[in-house]
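Hi,

Here is the structure I promised to pass along. Have a look at it first, and then read on for what turned up in it.

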Amino acid sequence: MKPKPNSLVKFFSLFITPQRFLSLHRNPTDKSPLFFISSTFATYSTISQSQVENVLENAVEEPKDSVEVLRKWGCSDNDILKILLRRPSIRNADLNHLQSKLSLLQGLGITSTDLVKIINCRPRFLSCRINRCFDERLAYFMDLFGSREMLLKSIIRNPSLLTYDFHNIIKPAVALYESMGVSKKDLIPMLLSRPTLIPRTSFDDEKIEYIRKTGICKNSKMYKYVVTLLGISRIETIRKKVANFEKFGFTDEEVWSLIGRSPLLLTMSVDKVQRNMTFIVGTMKLPATVVLKYPYLLLNNLEAVLKPRVLLAGKIRDMGLSTQIKGPLMFRALRMKEKRFVKAFVWCHPKDVAEELMEFYVKAKGLKRLAETSKKSLHRGFPF
């Protein structure tokens with residue numbers, strides 16, 4: 001069916017404003033939309049439908065700035081505002097490069113919402129070269145993560161997976177963990193929980209000796225946690241944390257055995273361990289070795305869990321209530337979820353008593369550390 005001239009005029013009017021038309025009329029060129037329009041009207045009786053579509057595509061103007069590029073890609077005005085607030089220099093980005101990078105991201109399945117998260121996490125992401133070894137990198141990650149959904153989740157969690165040196169950083173790091181006995185299947189959750197795992201990993205003889213001291217075997221569920229946490233930790237930091245435990249009377253063997261059973265202790269600061277241990281020994285009047293059996297006493301938050309619940313136990317004791325929190329029950333109470341703890345030890349009493357206990361408990365949770373507001377925050381870089 002031949003296109004009607006009137007329909008073409010109406011369609012082209014969607015793309016050419018009166019000002020644009022006058023400008024093209026004064027200086028017509030063989031590449032201008034006006035030239036295509038006149039050519040189309042002159043030969044509309046012989047032009048095909050596909051040729052008409054090509055003419056219309058050529059008549060559409062290219063985006064004038066990065067905002068239009070992002071909007072055309074699928075970002076809402078709110079998304080664009082968040083991106084520009086985080087990375088203002090995107091306004092001056094090269095449009096061809098920006099469009100090329102956005103096309104690659106769109107091919108991966110990344111949406112505008114995902115892009116906002118990525119820029120918030122890595123503001124300079126769109127300024128980096130993400131097209132280096134892209135196809136090879138994508139094939140490698142697909143084999144590693146097993147599915148596009150898992151790969152997409154990993155990239156959103158750590159966008160730098162698309163910018164790390166593929167041959168000199170990514171592949172050697174993964175191969176190193178495989179040589180340590182951490183399979184690809186076990187490495188995936190570690191990459192998701194520790195986004196900077198790949199660039200920060202390093203092993204030497206001392207770290208390998210630490211792994212041996214934990215006494216944990218490669219088939220253990222804890223093995224991947226021990227290896228990855230030691231792999232990303234600084235030697236100096238590990239020594240300080242071990243020495244801190246030894247101050248409370250633990251032997252080197254006890255410390256590493258404890259870490260083997262509860263690897264997350266490696267992520268705790270020296271200050272947190274000191275405060276929790278001081279409370280356990282000084283206030284709760286328990287021997288330091290109790291944490292060897294109950295490691296969660298160190299992992300619990302002192303101000304939000306340990307102190308309020310111990311104080312509530314003292315309040316219940318002073319009131320002479322039937323339900324007491326003492327002995328083995330104390331350790332169970334300190335491990336309970338908040339909702340279960342309140343139900344088991346507060347709302348089990350008559351309403352007036354329960355309300356009094358709840359008021360006391362809320363105030364105990366609201367107690368701040370001494371001089372906490374005046375404490376200086378010292379940034380020491382990566383905490384492990």
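A residue is called buried here when its relative accessible area is under 20%. By that cut-off, 41% of the 384 residues of the chain count as buried. Please keep in mind that this is a predicted model.

As for the overall make-up, the chain has 24 helices and 0 strands. Taking contacts between residues at least 6 apart in sequence, 71% of them join residues at least 24 apart.

Helix α16 (residues 235-246) packs with helix α18 (residues 270-282) at an angle of about 10°, and their axes are 10 Å apart. Because angles under 35 degrees count as roughly parallel, α16 is roughly parallel to α18. On the α16 side, the contact is made by K240, K241, N244 and F245, while α18 brings in V270, V273 and Q274. Sorted by class, this contact of α16 with α18 has 3 nonpolar, 2 polar and 2 charged residues.

How many cavities of 30 Å³ or more does a search of the whole structure find? The search finds 2. The largest cavity has a volume of about 40 Å³, and the residues lining it are S154, N158, L161, L191, L192, P195 and I198. That lining divides into 5 nonpolar and 2 polar residues, with no charged ones.

There is also an open space to show you, the second largest pocket, with a volume of about 280 Å³. Its lining has 15 residues, and T283, M284, V310, R317 and M330 are the ones that lie nearest its centre. Which helix gives the largest share of this lining? It is α21, with 6 residues. Both α21 (302-319) and α22 (328-335) supply at least two residues each to the lining of this pocket. By class, the pocket lining has 8 nonpolar, 3 polar and 4 charged residues.

Best wishes

Definitions and conventions. Residues numbered from 1 in each chain as written. Predicted model: local features only at pLDDT ≥ 70, side-chain atom pairs only at ≥ 80, totals over all residues. Heavy atoms only, no water. Axes fitted to C-alpha atoms, helices over the stretch in contact; angles between N-to-C directions. Helix = DSSP H or I, 4+ residues; strand = E, 2+ residues; numbered from the N terminus. Parallel < 35°, antiparallel > 145°, perpendicular 65-115°, else oblique. Contact = heavy atoms within 4.5 Å. Nonpolar A, V, L, I, M, F, W, Y, C, P; charged D, E, K, R; others polar. 1 Å grid on protein atoms, 1.4 Å probe; cavity = no way out; pocket = protein on both sides within 12 Å on 5 of 7 lines; lining within 4 Å. Points joined across faces, edges and corners; volume = space filled by probe spheres on them. Buried < 20%, exposed > 50% of the residue type's maximum accessible area, 1.4 Å probe, protein only.
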